[in-house]
Protein chains: 2
Amino acid sequence: MAKKLRIIPLGGLGEVGKNMMVMEYDDRYIIIDAGIMFPENDMLGIDYIIPDFRWLLDKAHKVEGIIVTHGHEDHTGAITHVLEAIRAPVYATPLTRGLLEAKLKAGKMLDSAELHTFNAGDSFRLGPFRVETFHVCHSIPDGVGLGITTPVGLVVHSGDFKFDHTPVDGRPPDFAKLAEFAGRGVLVLLSDSTNADRPGWTPSETVVEDALDKVFRRAKGRLIVATFASLISRIQQVVHIARRHGRKLAVAGFTMNENVRIAQKMGYLDIPPDMLISLEEADKLPPEKVVIVATGTQGEPTAVLGRLAHGRHRLLDVKPGDTVVMSAHSIPGNEEMVHRIINRLFQRGAHVIYDPIAPVHVSGHASQEEMKLLLNLVRPKFFVPIHGELRHLKQHGFLAQEVGIPPENIAVVENGTVLEFTRDSMTIGERVPGGYVFVDGRGVGDIGPLVMRDRERLGRDGVVIVSVMIGPDGRSLVDLDMDSKGFVLMEDADELFDRAGTLVRQLTRSNNGKRLQTQIRDTLSRFFYNETKRRPMVFVFVHRQTV
Amino acid sequence: MAKKLRIIPLGGLGEVGKNMMVMEYDDRYIIIDAGIMFPENDMLGIDYIIPDFRWLLDKAHKVEGIIVTHGHEDHTGAITHVLEAIRAPVYATPLTRGLLEAKLKAGKMLDSAELHTFNAGDSFRLGPFRVETFHVCHSIPDGVGLGITTPVGLVVHSGDFKFDHTPVDGRPPDFAKLAEFAGRGVLVLLSDSTNADRPGWTPSETVVEDALDKVFRRAKGRLIVATFASLISRIQQVVHIARRHGRKLAVAGFTMNENVRIAQKMGYLDIPPDMLISLEEADKLPPEKVVIVATGTQGEPTAVLGRLAHGRHRLLDVKPGDTVVMSAHSIPGNEEMVHRIINRLFQRGAHVIYDPIAPVHVSGHASQEEMKLLLNLVRPKFFVPIHGELRHLKQHGFLAQEVGIPPENIAVVENGTVLEFTRDSMTIGERVPGGYVFVDGRGVGDIGPLVMRDRERLGRDGVVIVSVMIGPDGRSLVDLDMDSKGFVLMEDADELFDRAGTLVRQLTRSNNGKRLQTQIRDTLSRFFYNETKRRPMVFVFVHRQTV
């Protein structure tokens, strides 16, 4: 039987192949990306989510390398989790490597990790795979796509991309490489579907530069530009504009400072030597001479902007006259929190500028016309949309049909689906575990659907706890304790709990054996529901005196 | 001292005056709207939210009337709560009245309520207020704005509005009335700010008709159009288009059926006699002969679309070949749930069409250019933006400045702020309670911030409960029970709970008095945090044997 190439998207919260992809040929493996996702609103208490890569564990020694396409959290954030289980060499461009190193250092794994640096355009071999890298434009510099030559054909992986003709770093996408791939013949294209439901073409980063410049021109007081800590190119834009307008730059937030430091060191962020100042220094300058870049665009209460909005920042204080720019989009699910922060900043007298008030942010991902352009540039035999929810992949699939890929050559699959390729065929194979794993505090994967369901119920209706001590006869109630949280305000519900206590007493008195605990629980659950139409979780403990 | 007119926005979840406004002159009151809001994502377990109108309670007998501007939940939903406390006559247009009656009937209050019907254009007197009503366009028919002549001047209240020149019901906005008001001189304009951060002009409902028509032309199988149950005009559009394309119409969902029935009876929905069929009949027709309108566009798991997505509807089943149209926008905070439903529908083989794939929904609220038009039509002396969060009101205030209202004549205020007017002055007065009240099950207002904080903590990290019985000596542990939910999977954490038990035993043995309960709680809280980096709520009960 001829050997087959296998491609498996793993992990991601409904987003296929976003955080991790695996390729296998002849029992040799490579991994592309090792990222995390942030929990959705109803995933109570979860810190973050990592790909479920347990399928790889018994193949760990056969993994030739881990290639990280760019430095965003959803492609780098799980690196310590992955390297703990799979000690393979890691390949990244300089900036991506710098950001990975910060994570490995924090996880005390920097010394033991084997890191290799490449530049966009470099090639290297990993087992049966020859990897050619090519520059792509995205909302962080130094991102790459991959052309992977395998024994059955050439696989092109787009990475996260947009076709920006006027990017901040002046490096347009590597169209020549894509055309060259097409000339050689591409077996399959794996392409970013994030914006597959957006018609048209994603605006260039220069649109943001113009909008920000207008904001700088009009602002009479201090400026605070909030953005993602990883959006190095946005920070570079702020530097350019601040220079034009004679403002000094201060950076607020640990991760952003860390990222600025790394990007500066690696040469991806160009800040004039006397321009960068500390927050303390910024506080002493006239407001119109200062711009502060800060984190917290997702409404996180503990990030800089959240602390400013609540008046809880150690050094900064939002004042009337300040202008705050939200230079980031709200990740779906965060809107309410973001809006609260904006409202609070207004309340404190700041002027807040956000999309759609002005185009102070553009997406880092391709829209429909760019997706079609990539498809037409690469002209693959098979097409697998990745990096998106099912709805995005479906839409990307429709776009591929529009540009002439036959429907049967397009595979819209979910995480954990094994795609098998020969020189002239694509088959949808078995399904392996490929979902996601919750990380909560120190626990990785110890929170399952059961615990989540309990959390949801506890959060919705609260808890009532009854603990009784009964006499040796089993029928006399010697001691009764009740407590409740998150159900009703106990202080206001004396009568309700008095009646509950009476029920417990009655049940104890007529106790017919060992089922007293269950009887109390069921009776009280019914009682509370009938009285309040709420369903608190009821816990009952019964102790029987022995002497 | 000259008497003053007072205007007070009440209630609403950060949205000022959205659910209720109060006007007072000479100790006589009128109420405008009595609506509810839906809880935000982190308001765990809350069913809905009503305005906090306790400030009105001792003035209940002085309320001349309650005017309801249109039939949406956020203007009608609290009517039973309000009428329970304030037995004033209610004024509404026929459709709005019909929708109010359904609520009053469900609350067994229909017989005791005093309802008055008016038509847009009618005038009536309520104490010192002469109320002139005028037709506005919105996403439900029969909405009105109000011109209220008071002893100190004319107050114009926009209601929820957009300037649609080609609305579904063929009734454009009453520009003549607005111009006439301007001629008489307007003291203050209160105007809808919902879309104040949207540049331009909200598209007409006809845009949706064109987009839907295209969907109908292309759909080969069954069509399911999901929208808001109150969006009567959208249902009318579907009726028009379905007739053109020879499809019969079935309605799924209790509220939508109820609304369709009321709107038909009142003459606001025109459905050909043989067109409306039951779901059972729809199931027997060829798929291409059927369109189903359904609720559930906000991702609610129990609404029709949610049940279809999860395969849990009693009569319907989504099949490959079906086309589902999401003809509604996602209310901020609902996006994740909406996206899950869309993904699931795709998974079941349906084709799903949603904005931005096609413009199958438009907003019912004015955008910036319309807001400016209203300001220029009415030319008020003072301006109070209402119906929006602070960010919207601020933005609306900027727009008003752009069209020439002096900043000192614009009042951006929060709920509960008393605005005082004379013929030539506006003063921001005292602040009265004017926030919101949680409704959870049968409880109205018994859930405060304390209970919400407990729910949040319970939901995030779960609960651990320890109940011990100690001997008469106070130091021997006779019985120990532990339980936990939402923290870790207890079955997987034997060792953790064994060690916790050991700690309890040690503390009991060295018990130095009555603080054992607190000691156990604090020690275990610390222990669990150190071991897991989670902070479950720890409850401890101690019973001491008496014999």
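In this predicted model, α11(B) passes α12(B) in a right-handed crossing. Helices are DSSP runs of H or I, at least four residues, and strands are runs of E, at least two, numbered from the N terminus. The two axes come within 10 Å and cross at roughly 55°. Axes are lines fitted to C-alpha atoms, for helices over the stretch in contact, with angles from 0 to 180 degrees between N-to-C directions. The pair is therefore oblique: under 35 degrees is roughly parallel, over 145 roughly antiparallel, 65 to 115 roughly perpendicular, and the rest oblique.

Who makes the contact? From α11(B), B:Gln368, B:Met371, B:Lys372 and B:Leu375; from α12(B), B:His396, B:Leu399, B:Ala400 and B:Glu402. Contact means C-beta atoms, placed from the backbone, within 7 Å. By class that is four nonpolar, two polar and two charged residues. Nonpolar covers Ala, Val, Leu, Ile, Met, Phe, Trp, Tyr, Cys and Pro; charged covers Asp, Glu, Lys and Arg; the others, Gly among them, are polar.

A word on conventions. Residues count from 1 along each chain as written, and chains are lettered from A in the order written. Local features need pLDDT of at least 70, side-chain atom pairs 80 or more, while totals for chains, interfaces and linings use all residues.

Next, the interface. Chain B gives 64 residues and chain A gives 64. On the chain B side, α13(B) supplies the largest share, nine residues. That side has 22 nonpolar, 19 polar and 23 charged residues.

Now the core. The largest nonpolar core has 339 residues, and A:Val188 is among those touching the most other members. Such a core is a set of buried Ala, Val, Leu, Ile, Met, Phe, Trp, Tyr and Cys residues joined through C-beta atoms within 7 Å. Buried means 20 or more other C-beta atoms within 10 Å, exposed 12 or fewer, partly exposed in between. Beyond four places in sequence, the contacts of A:Val188 include A:Phe382, A:Phe421 and A:Met426.

Last, the backbone. B:Asp355 to B:Pro356 is a cis peptide, omega near 10°. B:Asp27 has a positive phi of about 65°. B:Asp142 has one too, about 70°.

Conventions: Two residues are in contact if their C-beta atoms, placed from the backbone, lie within 7 Å. A crossing is left-handed if the near helix is turned anticlockwise from the far one by less than a right angle, and right-handed if clockwise.
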